[in-house]
Amino acid sequence: MTTTTVTLPDELHDSLKQVAAAEHRSANATIVCAVAEYVQNHDKRASVRLIAAEVAAKHRELLDRLAK
């Protein structure tokens, strides 16, 4: 496990504490969940972009005809 220090604006820190309390978690656990969700969504977006590029390359002629 790695320790990382994060500096948050006061308003964001206050919101974090409220969310953590509402979910009966520590602020740290809430940050870990938020970062994990962000990374997972980022990976999904990257995969979608890659698949879209492959489809566009494979069907370039058809897409060009449809665009006219």
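Q: How many positive and negative side chains does the protein have, and how far apart do the centres of the two sets lie?

A: Side chains of opposite charge can pair when their charged atoms come close. In this predicted model, the protein carries 9 positive and 9 negative side chains. The centres of the two sets are 11 Å apart.

Q: How many salt bridges does the count come to?

A: A salt bridge requires a side-chain nitrogen of Lys or Arg within 4 Å of a carboxyl oxygen of Asp or Glu. By this rule, the count is three salt bridges.

Q: Which residue forms a salt bridge with Lys-17?

A: Lys-17 is paired with Asp-14, and the closest N and O atoms are 3.9 Å apart. The two residues are three positions apart in helix α1, so about one helical turn separates them. Lys-17 is partly exposed, at a relative accessible area of 44%, and Asp-14 is also partly exposed, at 38%.

Q: Which side chain meets Arg-25 in a salt bridge?

A: The partner is Glu-23, with an N to O distance of 3.5 Å. Arg-25 has a relative accessible area of 36%, which makes it partly exposed. Glu-23 is partly exposed as well, with 40%.

Q: Where do Glu-61 and Arg-65 lie, and how many residues apart are they?

A: Both belong to helix α3 (residues 60-67), where they are four residues apart and therefore separated by about one helical turn.

Q: What radius of gyration does the protein have, and what would a compact globule of 68 residues have?

A: The radius of gyration can be read against the value for a compact globule of 68 residues, which would be near 11 Å; the protein has 20 Å. Taken along the principal axes, the C-alpha atoms fill a box of roughly 55 × 30 × 20 Å.

Q: What percentage of the 68 residues in the protein do buried residues make up?

A: The cut-off for a buried residue is a relative accessible area under 20%. Buried residues make up 4% of the 68 residues. The protein exposes about 6,200 Å², of which carbon and sulfur atoms supply 59%.

Q: Is Ala-20 buried or exposed?

A: Ala-20, which lies in helix α1, has a relative accessible area of 3% and is therefore buried. Leaving aside residues up to four places away in sequence, Ala-20 touches Arg-25, Ser-26, Ala-27 and Thr-30. The C-alpha atoms of Ala-20 and Ile-31 are separated by 8.9 Å, although the two residues are eleven apart along the chain.

Q: Is Thr-30 buried or exposed?

A: Thr-30 is found in helix α2, and its relative accessibility of 9% means that it counts as buried. With residues up to four places away in sequence again excluded, Thr-30 touches Leu-16, Val-19, Ala-20 and Arg-25.

Key
Residues are numbered from 1 along each chain as its sequence is written. This is a predicted model: local features need pLDDT of at least 70, side-chain atom pairs count only at pLDDT 80 or more; totals for chains, interfaces and linings use all residues. Side-chain values use heavy atoms; hydrogens and water are left out. The radius of gyration is taken over C-alpha atoms; the globule rule is 2.2 Å times the number of residues to the power 0.38. Buried means under 20% relative accessible area, exposed over 50%, partly exposed in between (1.4 Å probe, protein chains only). Accessible areas come from the Shrake-Rupley method with a 1.4 Å probe; for residues, only the protein chains shown count as cover. Lys and Arg count as positive and Asp and Glu as negative; His and the chain ends are not counted. The place of a charge is taken as NZ of Lys, CZ of Arg, CG of Asp or CD of Glu. Contact means heavy atoms within 4.5 Å.
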